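Hi everyone, thanks for making time for this.

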Amino acid sequence: MFKTIRKYAHLYGMFIKNCLIAQMEFRGNFMMSLLVESVYLLAKLLYVLVVFRTDLHVDGIPPEGLLLFIGMHTVVTGIYVGLFFTNFTKIPEYIKDGTLDLMLTKPVSLQFMASLRYVDLALPIPDILVGFVMIGIGWHAMDIPLTLLQLAGFMLLQLVSVVITYCLMIIPALLSFWFVQTGSASEIAHSAWDANNFPMAIYPAWVRRIGTFVIPLFLITNFVPLFLLGQLSWLYAGLALAGSLLLFTVIRLIWKQAVKGYSSASS
């Protein structure tokens, strides 16, 4: 098992290296990506300014505490656009033009190759940096103790959020194995994503239940801040980890089933 992990870690390192070399060949595009994402981030920061100027409280959480939620959403957005977005948009193209046929011949996991091959090193930089700054400000303002236990819970639930992000946002791409057009599914997924940058307490109880237990979108950006604020126990943190691993297993099984029914583009 450790040999396999080392193999895939080395391969992923090569993916990152190759993507960095390719992006540095077109430095203008790299800088433009940074600029575009920074402008998008500026719009979000203006939104944060409105939250503070109106002294908005959500379920007893002051504006400083809301920074934890907005910052978490910003960080995970950066991770998503950096690691997954490009790959997920390419999967339908692989199916249509036959690139998937070539990938099937590689001596590595097809899902690994198709869903993690490309890494965007420009877009996530502003989001991750500013997101962690907002989390740090909120952490300090809410007098949350900086202990190893808190850091361990933070990192554990951060990992959970990344796994769930991968599992949920790859679903529109998986639909491409059965349907020609999946653009509408992608738009729905991204709309739901943008609605997840605030505490789930702003939604009705039935929406919270669906977003937690059926389609665990709220786990992505809510569980880390709730844990830091003392509103989420280690028991629920462990259940969130178990749930994310179960969801990944389900997505893995769906992927294998989709590949079994895949018809080569050359046939």
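One term before we start: when I say contact, I mean heavy atoms within 4.5 Å. And please keep in mind that this is a predicted model.

With that in hand, let's take L157. Setting aside its neighbours within four places in sequence, L157 is in contact with F223, V224, F227, L232, A237 and A240. L157 also belongs to the largest nonpolar core, which has 74 residues. Which members of that core touch the most other members? They are F88, I91, L100, L157, I170, F177 and L228. As for helices, α3, residues 63-97, gives the most to this core, with 16 residues. As background, nonpolar side chains in soluble globular proteins tend to be buried together.

Now for a polar residue, S161, which sits in helix α7, residues 148-169. Is S161 buried or exposed? S161 counts as buried because its relative accessible area is 0%, and the cut-off for buried is under 20%. A polar atom of the S161 side chain lies 2.6 Å from the backbone oxygen of Q158. Leaving out neighbours within four places in sequence, S161 is in contact with M72, V76 and I220.

Let's move to K7, in helix α1, residues 2-24. At a relative accessible area of 41%, K7 is partly exposed. What does K7 touch, if we don't count residues up to four places away in sequence? The answer is P107 and V108. K7 and V108 are 101 residues apart in sequence, yet their C-alpha atoms are 9.5 Å apart in space. With P107, the backbone oxygen lies 3.2 Å from a polar atom of the K7 side chain.

Out on the surface, there is a nonpolar patch formed by W178, F179, L246, V250 and I254. Together these residues have about 510 Å² of accessible area. If you want to find W178 on the screen, look in the loop between α8 (171-174) and α9 (183-194).

Last stop, two aspartates in loops. D59 is in the loop between α2 (27-53) and α3, while D143 is in the loop between α6 (124-141) and α7. D59 has a phi near 55°, a positive value in a residue other than glycine. For D143, phi is also near 55°, again positive in a non-glycine residue. D59 counts as exposed, at 60% relative accessibility, and D143 counts as exposed at 67%.

That's my tour, and I'm happy to take questions.

Terms used:
Residues are numbered from 1 along each chain as its sequence is written. This is a predicted model: local features need pLDDT of at least 70, side-chain atom pairs count only at pLDDT 80 or more; totals for chains, interfaces and linings use all residues. Side-chain values use heavy atoms; hydrogens and water are left out. A nonpolar core is a set of buried Ala, Val, Leu, Ile, Met, Phe, Trp, Tyr and Cys residues joined through side-chain atoms within 4.5 Å. Buried means under 20% relative accessible area, exposed over 50%, partly exposed in between (1.4 Å probe, protein chains only). Helices (H or I, at least four residues) and strands (E, at least two) are DSSP runs, numbered from the N terminus. Patches are made of residues with over 30% relative accessible area and no salt bridge: like charges are joined within 9 Å, nonpolar side chains (Val, Leu, Ile, Met, Phe, Trp, Tyr) within 5 Å. Accessible areas come from the Shrake-Rupley method with a 1.4 Å probe; for residues, only the protein chains shown count as cover. A salt bridge is a side-chain nitrogen of Lys or Arg within 4 Å of a carboxyl oxygen of Asp or Glu. A polar contact is a pair of N or O atoms within 3.5 Å; within protein, one must be able to donate a hydrogen and the other to accept it, and residues adjacent in sequence count only if both atoms are side-chain atoms.
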